[in-house]
There are 2 protein chains.
Amino acid sequence: MSSGNSPVKLSSEFDIHVRFANPPADLRAAISRTKSSLFSGKFERLVLGRGSADADLLKDARTLVSLELSLAAGSLVRSIAEETNQPIEAKSDANSTLGLFRGLATFEQLWYDYEGTKYTLQGGAEINDGPSFPYRGFSFDTARNFYPVSDILRTVDAMSWVKLSVLYWHIIDSQSFPLQVAAFPELSEKGAYSASEIYTQDDVRRIVQYANERGIDVVMELDSPGHTTAIGAAHPELIACASKSPWSKYASEPPAGQLRIASPNTLAFAKTFFDSVASALPGTMMSSGGDEVNLPCWEEDEETQADLTQRNMTIADALNQFVGTVQGVIAAHGKTPFIKSDMVLTHNVAVLNDTVVVVWQTSEDAAAVAERNLRFIHQPSNYFYLVHMTSYECILLRSIRESHSGTAPTRARRFVHAQYWLLSLWHLLRSPVRASQMPLWSEQSSPENLDSIVWPRLAAAAEVFWTGATLPDGTQRVGENATSGTRALARLNELRYRLVDRGVQAIALQPKWCVLRPGECDLDS
Amino acid sequence: MSSGNSPVKLSSEFDIHVRFANPPADLRAAISRTKSSLFSGKFERLVLGRGSADADLLKDARTLVSLELSLAAGSLVRSIAEETNQPIEAKSDANSTLGLFRGLATFEQLWYDYEGTKYTLQGGAEINDGPSFPYRGFSFDTARNFYPVSDILRTVDAMSWVKLSVLYWHIIDSQSFPLQVAAFPELSEKGAYSASEIYTQDDVRRIVQYANERGIDVVMELDSPGHTTAIGAAHPELIACASKSPWSKYASEPPAGQLRIASPNTLAFAKTFFDSVASALPGTMMSSGGDEVNLPCWEEDEETQADLTQRNMTIADALNQFVGTVQGVIAAHGKTPFIKSDMVLTHNVAVLNDTVVVVWQTSEDAAAVAERNLRFIHQPSNYFYLVHMTSYECILLRSIRESHSGTAPTRARRFVHAQYWLLSLWHLLRSPVRASQMPLWSEQSSPENLDSIVWPRLAAAAEVFWTGATLPDGTQRVGENATSGTRALARLNELRYRLVDRGVQAIALQPKWCVLRPGECDLDS
């Protein structure tokens, strides 16, 4: 990127033209949304005086009358959704309608409002852009507590503004089963929190299409064989140690319960279940989860023990058979199977060669997975969990300054420093897949705090996922570079105010006094 | 309280009658609001099956046709607002319109909805209630970031539902000056973040009246002589070390700057300033703040040094004179002066005998203040700061279980345990005033996360402030009593869902699975 430095304002006749034949409908829709949000945005520049600070510059501003969208000659023209649903190794944000969509997101964020005039100070900028990581994800738990469709769509919108590429949807769990499954409608009828807390097949189609048209692939996780107690509401015969007490002996979280993997009935159920869900999903990736299985649950379950004896198997055999079965169904649908890392590292389960492992326990596990020549997504609980972010922000705050007050600037700096850590961490890793995601677990989250726990924290990760170790100006992100840190904070502040302007309740990172004076609240200024 | 155990439903003709002559307008308005929220509430009981679990009971429910409000014979009838604005030692929630208002809050929270029918299972209950602490406060910083009036009113409403009695309004600070002052309109004109981020005199009147009519006194804090940089936007001549760099040498937070207390001009200003604000406030309490004054700021300020020399004073003399001046103005308005604890404990400033000290640094300071025979409000940063709650929740979470996941039940237990700590802490204290408040500092808070950072955390404190050490059933709250802890969590869950039903975005404390099964998610169940 070469920064522009001349003021340009948007013509009231401004339009966006596509310079190739037959642009797909979702690109045309995206263009229409971009025009609409360009004109409706009320975000003013974050400087003293806000928009009025630029009033003089605007008098001489040139006027932009159109934006031209083009692709390299001979490029294949597919819809954004088709480009989005490419396999993980073929994902590309460049030279496609998806690349144009990413460009529109950048273009939108160049503009400010001043008394109804939309302008930028970046006239003449050249941006030659592309992502560092093809897989840039957000993992969303909609089972511990339920989120209405509108919350998911708003989250998808915000994800697209920061160019995330994957919604990893942890849709069901032991606490509730909100997914309507065509083959087993009773699962959500009996396992959802209520009739109004179900994602119908139409809801899922709508969410996936909405996401795909915004450059976001959906990887649905049907977590199994653990985290499945809610299946027992409709099919108690499939669940071992259901709600058994004390739960802490049989599960990581209440209620206890997991699939009776040694039972042929369970295998038949799992096959149909995965098949039914997979057939309804357009994407090329799907996850069977697999974290936190609990051995005492099966050891003390009479039915499981009887099945094992009758079939002359160990529980490890049964686990292999279960995983093999569900991975087979996923693969049969042409999708890449994902699995949680403890299945491979703790339980030594055999998986398909092209399996993507979701490394979630600690970042150190990534190396062990790579040693097995498996690809992975990086989602370590010791760094990436949104529910832990406030805690580790504050622990660090305390180590920096064992004192009383909110100390905004220190906390804000800390926040930015998290970026360095994330990235310096990734430098330690060698992965065939450059892929990462931040999860939101919903034990203590719900629609009421969705925006405030996710934004703008997720945007800090999204920036690093997209940009990688080197900033556009050549600065290395890694290390204690105060200048770069200050600039990152200014970018996050701007993004936060843009999110709020668009109806996302992102939290404040600093007092507005600091926001309007970038750098002046740094600890050494 | 003796729990009722028979089902009662609300007649569609239900009405509330006042059994004494000339009920004041604010009581009639409160009655009208109560009737309205009783009928509009959609909150269903938090059990499996929700309202339908009670369907059978409701068939035989008796019908309540009216609620009768009466006072002991010979009671003085004053408005709720008048009762609310009593001096701290005369505050009483009993046998007054204010007591009736508290009773309405309790009454409202006995009712559930099931398919439009409002019912309670507590028919026959007798509640003989009164607060343990007369001063039950929430301190609200509207200066680091601005909150619209509607946010403050919604917060006041929620405060009244949990029977808090004081809004301690930290309205101005170094970052912005949003208070319109009759005598110095230029302060907010130049010191507010923008013209739309000002509390006009009408706004303040409206907020105070709204709060008073809901049993909430307003203590306004004009923090001084520190935390005043924003005054310099209009009156730079009054501020020493304004925005001096590095800020960390001259202030706890940027920007640096505090009143030139040695200057006669400043004293004259402060007198008129406090007088102008105090005349517009009906309450009997007012605070001059006084935390975190910085000595190097004055030591390096040429004007201050010149004033000290000319007047043959030390900075300690000047500080005494400044505090004496503003306390004199507060007292002249018949108000009790409040001051922050470091003024007394660190700077040894002389204060009026009836001063209330806001103990904010650590809870240990309370004993030192009590030794000086001064009354105090307890607001220690090591326990009560809402901005720190998430961090210390998580630090404890880690010590309990050094593990990966959100572990909702553990976190939820931790949350409830906070209650024990709070109370066991207070047991250590002997105070002539039973008074406490939780503050929200707004360096990283804003309208976007106001509800989610405050609720239901503040309600846990409000319960303890109201109930004290002994629960209505005689159980002692202090100690690791699991049964009582479980019940406290159930109460908080219910309150949280009631808050959400009324439009307050309170966070979830647990997965809904746990909420509907009280006790089943406890660590030992």
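This is a short tour of a predicted model, with stops in chain A and then in chain B.

**Stop 1: A:Glu292**

Start by selecting A:Glu292, which UniProt lists under "active site" in an unreviewed entry. You'll find A:Glu292 in the loop between strand 10 (285–287) and helix 10 (295–299) of chain A. Is A:Glu292 buried or exposed? Its relative accessibility is 13%, and buried means under 20%, so A:Glu292 counts as buried.

**Stop 2: helix 9 of chain A**

Next, pick residues 264–279 of chain A, which make up helix 9.

Which residue caps the N-terminal end of helix 9 of chain A? Select A:Ser263: a side-chain oxygen of this residue lies 3.0 Å from the backbone nitrogen of A:Asn265, capping that end.

Now color the buried residues of helix 9 of chain A, among them A:Leu267, A:Phe269, A:Phe273, A:Phe274 and A:Val277. What covers the buried residues includes helix 6 (185–191), strand 7 (217–221), helix 11 (302–311) and helix 12 (315–332) of chain A.

**Stop 3: A:Ser445**

Jump to A:Ser445, in the loop between strand 14 (435–440) and helix 17 (450–454) of chain A. This residue is buried, with a relative accessible area of 0%. A polar contact of 3.4 Å links its side chain to that of A:Asn449. Show what A:Ser445 touches: the list includes A:Asn145, A:Tyr147, A:Val387 and, from chain B, B:Ala508.

**Stop 4: a sheet in chain B**

Follow that hint over to chain B and look for an open sheet of 4 strands in the order 2-1-4-3, with mixed pairing. Its edge strands are strand 2 (62–69) and strand 3 (112–114) of chain B, each pairing on one side only. From one strand to the next, the twist averages 50 degrees.

Zoom in on strand 1 (residues 6–18) of chain B, which runs parallel to strand 2 of chain B and is joined to it by 7 bridges. Here B:Lys9 stands opposite B:Thr63.

Helix 1 (residues 25–40) of chain B lies across strand 1, strand 2 and strand 4 (117–123) of chain B, at about 150 degrees to strand 1. Helix 4 (residues 97–108) of chain B packs on the sheet too, touching strand 1 and strand 2 of chain B.

How values were computed. Residues are numbered from 1 along each chain as its sequence is written. Chains are lettered from A and ligands numbered from 1 in the order in which they are written. This is a predicted model: local features need pLDDT of at least 70, side-chain atom pairs count only at pLDDT 80 or more; totals for chains, interfaces and linings use all residues. Side-chain values use heavy atoms; hydrogens and water are left out. UniProt positions are given in the numbering used here, feature names are shortened, and annotations may be inferred rather than shown by experiment. Helices (H or I, at least four residues) and strands (E, at least two) are DSSP runs, numbered from the N terminus. Buried means under 20% relative accessible area, exposed over 50%, partly exposed in between (1.4 Å probe, protein chains only). A polar contact is a pair of N or O atoms within 3.5 Å; within protein, one must be able to donate a hydrogen and the other to accept it, and residues adjacent in sequence count only if both atoms are side-chain atoms. Contact means heavy atoms within 4.5 Å. Two strands pair if DSSP finds at least two bridges between them. Axes are lines fitted to C-alpha atoms, for helices over the stretch in contact, and angles run from 0 to 180 degrees between N-to-C directions. The expected span of a helix is 1.5 Å times one less than its number of residues. Lists of a residue's contacts leave out its neighbours within four places in sequence.
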